[in-house]
Amino acid sequence: MLPGFPSQRNMNVIRSRFFEWGLQAMRHLVVPASILFLGCSGLHAMAGESDYQCAHAGFHAPAAFNEVTGENPDHFPEEQEIDIEHIRLEMNFPGLETKSATVVETIVFNAAWEMRSDITLDARDLDIQGIERLDDSALSITQSSEVKEFGTREGLDYFVDGDRLHIHFPTAIGKGERAAIRLRYSLHDPKDGMFWIEPLPNDPDQRWEVWTQGEASSNRYWFAGHDYPNDRMTSEIVARVPLPNVVSAAGTLVSRNENGDGTVTYHWRIDQTHVNYLTSLVIGLFDVQRGEVDGVQLEYYVPPQRAGDSQRSFAKTAEMIRTFGKLFDEPFPYPRYAQIVVRDFTSGGMENVTATTLAARMLVGESMARHSPACVSRSESVIAHEIAHSWFGDLITCRNWAHLWLNEGWASYAQALWAEASCGKDEYAYGIWNRRREVAANDPLDSQQPLVFHRHGDPEVMFRFNDSAVYDKGGFILHMLRRKLGDEAFWKGTREYIDKYRNQVVETAQFRGAMEAASGQDLEAFFRQWCETPGTPPVQVALTYDSRERAAIITVEQTAKLTGESPAFRGEMKFFLQSRGGEVVERTFDVTLRKHTFSIPLEKAPAAFAVDPDAAFLMDLTLKAPVNVLRDSMRQAPTVIGRCDAVHAYAREAGSNATGSLRDLVRDADMFYGVRVEAALALGEVSGDGAANALATLAQEMSARAPEETDWRVREAIAKALGQHRGDAAKNALKKLVDDPSDPVVAAAATSLVTFFGSDIDEMLMRAFERRGENERIATAALGAMTKRASAQAMDAAIRLSDATASHFSTRVRAIQSMGELLEGRESSGDDDKASGRLLELVNDPRRQVGSAAIAAIGRGKLKPAIPTLQQLAGKTDDADVATAARNAMTAINDKKGTRSDVMALEEKVNALETRLDALEKTPGDSSQQKKRRRFLGIF
């Protein structure tokens with residue numbers, strides 16, 4: 001499953017405290033599980049996924065030890081009472097607008113482990129009319145695609161206990177015996193698992209859709225089964241729907257028959273085993289385009305009005321399938337691969353077997369195509385991630401959510417592999433460098449949550465803990481393993497793993513065993529450290545030169561507090577040195593202790609230096625070296641990783657003296673764009689007018705040339721860096737960048753304008769808002785800035801963006817959050833009254849996330865007139881989440897703390913302090929304390 005929610009990194013630390021309430025509320029609505037393997041902070045070359053994070057409804061905390069009961073909170077696979085062989089769902093949708101369906105479900109299973117008189121299935125909110133045991137002729141459905149009515153052997157007693165369906169057999173089923181049962185039930189707008197997406201007033205896309213989302217354990221809301229990934233089965237869906245709707249499901253199409261009564265019946269079947277959560281169903285009006293690659297049928301389902309974007313969005317699908325098939329030495333495992341773009345999907349993408357579901361924002365329109373990277377675009381990276389799941393996640397599935405990284409880490413690493421195959425080693429390296437920084441930022445040593453984590457309670461925790469370690473750290477571990485073993489052994493082990501465990505469920509130990517067998521190495525220490533030990537070590541590496549001994553002295557220190565439970569991390573660390581005489585030396589040392597000092601003979605002083613230039617050791621690196629060495633290393637380090645490390649170290653160590661060299665590096669069109677991007681961002685880290693003027697000059701130079709002659713990613717970085725400065729030079733440069741032809745640049749400029757003063761800033765932000773951008777990217781950024789500024793136009797803009805014309809419910813949710821933030825602690829005004837009325841309308845919005853956001857905003861805004869409505873919602877017995885949100889909102893309304901006027905007064909003091917600090921010029925010899933103070937205040 002892939003992330004799908006916008007991230008907002010590098011936010012001013014103090015300001016983020018002011019708005020933390022709103023961010024926490026959002027996490028309760030759509031919880032971010034971070035972004036892919038390739039980047040969520042600013043600019044991530046390989047995936048380009050800075051705008052998308054995982055979204056999962058609901059908030060779940062890890063399981064804690066109960067001192068009263070003493071119960072072990074570790075989570076292990078649910079017991080399999082039976083082995084389900086096949087599930088067939090015969091579904092009738094009388095009309096999508098009814099939000100209902102009748103279902104006949106047939107389950108073939110065997111009592112593989114012991115005689116059974118009772119079985120238990122996962123099922124929730126199914127309106128069951130009856131359950132029968134079928135005669136043995138029904139067992140044939142595992143081999144036959146024929147749909148027919150089977151005879152009843154006996155009626156069965158059953159009862160429902162929460163989300164568990166208990167079924168009793170008068171005659172026990174013997175060990176190893178096969179049996180078939182039939183359930184008849186109705187669905188009525190399930191709360192989860194299956195979603196009816198209805199058109200809203202003023203919605204330009206006037207059509208109904210139905211789609212399902214089963215991961216992690218939500219398919220129980222629309223069919224009964226074993227809703228855990230430790231059992232594999234085959235399945236089929238026979239769906240009768242009104243014409244002209246189209247139906248897609250897992251597997252291949254057995255038949256499509258029009259019934260002569262305005263309905264059509266689709267029969268989909270998959271005869272390869274898969275786990276329960278990968279079962280899917282999509283119904284709606286779609287433009288369907290088809291292709292083929294190496295015998296695999298390709299299908300692309302898109303909204304009819306976006307038919308022209310289909311080829312542009314999915315053009316590289318066939319090449320990806322070939323690339324991965326060659327790398328894994330395993331052809332695409334299924335005869336069909338469909339990509340289905342649906343409305344209001346709750347994540348970026350979901351790897352349902354043979355039929356990936358994608359969010360509408362993954363489609364590439366003309367504007368997005370003009371401003372996508374030359375190599376891997378955002379949507380392209382998402383597509384690569386989901387295709388790779390066909391091998392890792394679908395063909396082979398983690399048997400326990402504690403081992404989820406085997407699914408998500410591999411799919412995320414596949415994004416890097418696609419970037420490497422399609423764009424080259426520099427693109428791969430830049431993504432790896434970004435990922436190392438992201439993992440380090442989100443995986444502290446005291447996190448208590450290793451990658452393989454049994455104490456997760458609800459499996460949703462695994463998709464987002466530590467900003468989603470299963471994606472980020474999981475993928476990085478695969479990169480490290482590849483570097484440790486070498487390509488030959490790594491790919492041999494990967495291929496043997498796939499061959500041995502295809503169509504099975506696995507744990508980390510089995511993957512480790514395959515890699516050990518292929519490499520001949522004992523990998524217990526590696527897997528124990530990186531998969532079972534929490535945290536990423538902070539490491540400081542310092543270089544000096546001993547001219548008397550003619551040797552480079554390298555000190556490596558793990559700077560965190562080390563204990564018996566958290567000892568020093570161990571591994572090999574490689575160093576690159578180039579002397580002023582041109583001598584090149586590379587050495588690799590074992591790092592096993594808190595501190596090491598290494599001496600490397602070098603005839604002349606170092607001119608360039610790189611630590612772990614292939615990123616083979618996961619760490620939070622602080623690099624220290626003479627400033628002239630760092631300056632030259634920005635160009636002479638052997639890899640993009642080493643150059644990017646040098647860029648930020650040079651900015652930190654040289655201070656304002658770094659400005660000229662960093663500016664020249666940004667200008668260098670022959671340098672890999674990622675290094676130029678980091679040089680621009682580093683100019684944001686350098687205080688003083690010199691850096692601000694350099695950025696303003698760069699912005700002017702690039703804006704004066706045709707957009708296609710300069711890289712929009714570098715312009716975007718310049719816009720972000722300008723936001724870390726104050727003064728007219730930065731302000732005026734950003735005002736010009738608001739008119740940049742590239743949506744990402746405009747969005748970055750709008751975000752950076754938030755802390756500048758003047759009514760002209762509000763005018764610029766409103767102009768950006770009106771431009772909207774593809775998927776409202778610009779409008780969302782501009783509204784965020786206007787909200788933080790409490791601009792006069794902000795409320796009206798938020799109300800407008802909350803309208804159903806927004807392309808995705810996440811945009812509407814953000815607009816609603818802005819409304820609550822703007823209402824907080826303010827006296828009533830006309831705009832506020834209008835916002836209050838709008839929020840009261842939205843509490844009953846068909847998109848549950850929108851309604852929940854409106855309830856939270858009402859609470860934040862302390863709207864007392866809304867209490868009667870909240871009281872009604874708090875009494876809802878059919879939706880506990882809404883009832884709880886309403887009660888929380890009423891509690892917030894009665895809470896007197898935290899008025900917005902107090903917040904704004906403190907913000908004014910912070911702004912004054914920022915201005916004073918910016919007036920202080922840094923000196924190269926005494927920058928550390930000033931830098932610490934600035935970082936504490938969020939002035940980067």
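Let me begin with a term that we need throughout: helices (H or I, at least four residues) and strands (E, at least two) are DSSP runs, numbered from the N terminus. This is a predicted model, in which local features need pLDDT of at least 70 and side-chain atom pairs count only at pLDDT 80 or more, while totals for chains, interfaces and linings use all residues. Residues are numbered from 1 along each chain as its sequence is written, and side-chain values use heavy atoms, with hydrogens and water left out.

With that in place, the protein chain has 30 helices and 31 strands. Of its 940 residues, 61% count as buried, where buried means under 20% relative accessible area, exposed means over 50%, and partly exposed lies in between, with a 1.4 Å probe and protein chains only. If we take contact to mean heavy atoms within 4.5 Å, then among the contacts with a separation of 6 or more, 73% are between residues 24 or more positions apart.

Now to some loops. Lys862 sits in the loop between helix H26 (848-861) and helix H27 (867-874), and it has a positive phi, near 55 degrees, in a residue other than glycine. Is Lys862 buried or partly exposed? At 27% relative accessibility, Lys862 counts as partly exposed.

Glu776, in the loop between helix H21 (759-771) and helix H22 (777-789), also is not a glycine and has a positive phi of about 55 degrees; with a relative accessible area of 8%, Glu776 is buried. Glu774 is found in the loop between H21 and H22 too, and at 16% relative accessibility Glu774 counts as buried. Which residues does Glu774 touch, leaving aside its neighbours within four places in sequence? They are Arg306, Leu363, Val364, Gly365, Ser367, Met368 and Asp743.

Two peptide bonds deserve a look as well. The one from Glu215 to Ala216 is cis, with omega near 10 degrees, and Ala216 lies in the loop between strand S12 (209-212) and strand S13 (232-242). Another cis peptide bond, with omega about 5 degrees, joins Leu243 and Pro244, and Pro244 is in the loop between S13 and strand S14 (246-249).

Next, please turn to helix H13 (residues 627-636), whose buried residues are Val629, Leu630, Ser633 and Met634. Seen down the axis of H13, these buried residues fall within an arc of 145 degrees (taken from the directions from the helix axis to the C-beta atoms), so they line one face of the helix. The buried residues of H13 pack against several elements, including strand S25 (538-546), helix H14 (640-654) and helix H16 (673-685).

Finally, residues Glu78, Thr120, Arg164 and His226 are among those lining the second largest cavity. The residues of this lining divide into 3 nonpolar, 4 polar and 5 charged; here Ala, Val, Leu, Ile, Met, Phe, Trp, Tyr, Cys and Pro count as nonpolar, Asp, Glu, Lys and Arg as charged, and the others, Gly among them, as polar. A cavity is a set of points, on a 1 Å grid over the protein atoms alone, where a 1.4 Å probe fits but cannot get out, and lining residues have an atom within 4 Å of a point. The largest share of the lining, 3 residues, comes from strand S5 (residues 116-122).

Note on methods:
1 Å grid on protein atoms, 1.4 Å probe; cavity = no way out; pocket = protein on both sides within 12 Å on 5 of 7 lines; lining within 4 Å.
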